[in-house]
Amino acid sequence: MRLAVLGHSNIHVRQVNFYREVAALGHEVLILSPGEWREQRAKSTEWIDYGLGKYRIHTLRHFGGEDVYRFVFLGLEEVLASFKPDVLYVQQEPASVAAQEAALVEVKLAPKVVLFTWENQASGYTPFAKTVLEKYDLVVCGNDEAQSLVQQFNKNTVILPQVGVDTAHFQERQVVRNISVAYIGRLLPEKGVEKLQLAWPTARVLPWMPYTQLPWWYSQCQVVVCYSQDTQVWREQAMPFVSVEATCCGALAIVSDAGSIPFWHTKFAGINPGSVLVPQDNVLELKKQIQYALECENRKQLAQEGREWVEANLSSKVIAQRLVEVLG
């Protein structure tokens, strides 16, 4: 399969590594991304062999700033005409101009056009977005709430995470677990850090780390808490990467029931033995579960079972294979 993947987030190392896994399955993968997006930077590359397949990054200019709903890629049709993909996989929300532009690509440039979305609030489904959804051959939904919304306008859907977990990178490092309880990530109101501090005042609040450093920090933690909160304008959309990555590195994880987290915690592939789900508005229960996780005598066994669960269900190799199957 000749696969072109278009999206502003393709510039992130998670995306880069994941699509190398797809290429290694025997496909030609062309990543189309901006040359820069916020703090991320990327450069175009030549074709690189990965097993039986090939992989290349091609950066496109864009205008419209960093508003994911309004910016437009430049030169897309020329690149597609040269590459001649079997599938164009677009990773932008339905209400975005980029998703509309990609949906209008002529059949001769891409016989099959697929959209990825994890928009899980009805407020994002404007008449414009509904029209866009109808144009795609398939919509890959990043959670069950997104699928429920999409199926009102396009019945051809499947649920998959945007990328899998790189379990080769996220594995336990041989360091001392000298951090009992931690939050790692951006300090945003919807991440529930204030409630975590109420439940466990000594919890370490660590800033978002570069991707390469994350395994070393997870490996220092006994418990990693991801206590996201629903708000009027936000519901957690993505698979809780921090919790599953921490699990792979030998920590136990505690997550809230906000947004799509319960789906990924319990429904997609059964319950992750290395994490616990806590109601987002119950600080006392959060405290109780943190205490239990710290005192649990079989913590190492649960963490190992959690890693095995991620490897079997959410690893990059597993999700890459499933993505190839649905796109094919």
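**Cavity and salt bridges**

Modeller: The largest cavity holds about 50 Å³ of space, where a cavity is a set of points, on a 1 Å grid over the protein atoms alone, at which a 1.4 Å probe fits but cannot get out. Its volume is the space filled by probe spheres set on the points, with grid points joined across faces, edges and corners. This is a predicted model, in which local features need pLDDT of at least 70 and side-chain atom pairs count only at pLDDT 80 or more, while totals for chains, interfaces and linings use all residues. Residues are numbered from 1 along each chain as its sequence is written, and side-chain values use heavy atoms, with hydrogens and water left out.

Biologist: Which helices each supply at least two residues of the lining of the largest cavity?

Modeller: Lining residues have an atom within 4 Å of a point, and here they include Pro240, Ser243, Val244, Trp264 and His265. Helices are DSSP runs (H or I, at least four residues) and strands likewise (E, at least two), numbered from the N terminus. The helices that each supply at least two lining residues are H8 and H9 (261–267).

Biologist: How many charged residues does the lining of the largest cavity have?

Modeller: Asp, Glu, Lys and Arg count as charged, Ala, Val, Leu, Ile, Met, Phe, Trp, Tyr, Cys and Pro as nonpolar, and the others, Gly among them, as polar. The lining has 5 nonpolar and 4 polar residues, and the number of charged ones is none.

Biologist: Which residue forms a salt bridge with Lys191, and is Lys191 buried or exposed?

Modeller: A salt bridge is a side-chain nitrogen of Lys or Arg within 4 Å of a carboxyl oxygen of Asp or Glu, and the closest N and O atoms of Lys191 and its partner Glu236 are 3.3 Å apart. This pair links distant parts of the chain, 45 residues apart, with Lys191 in the loop between strand S13 (179–184) and helix H6 (193–199) and Glu236 in the loop between strand S15 (221–226) and helix H8 (241–248). Buried means under 20% relative accessible area, exposed over 50% and partly exposed in between (1.4 Å probe, protein chains only). The partner is Glu236, and Lys191, like Glu236, is buried.

Biologist: Which residues are linked with Asp230 in a network of salt bridges?

Modeller: The side chains of Asp230 and Arg235 meet in a salt bridge at 3.1 Å, N to O. Arg235 is partly exposed, with a relative accessible area of 24%, and Asp230 is partly exposed at 27%. The residues linked with Asp230 in the network are Glu145 and Arg235.

Conventions
On a 1 Å grid over the protein atoms alone, a cavity is a set of points where a 1.4 Å probe fits but cannot get out, and a pocket is an open set with protein on both sides within 12 Å along at least five of seven lines; lining residues have an atom within 4 Å of a point.
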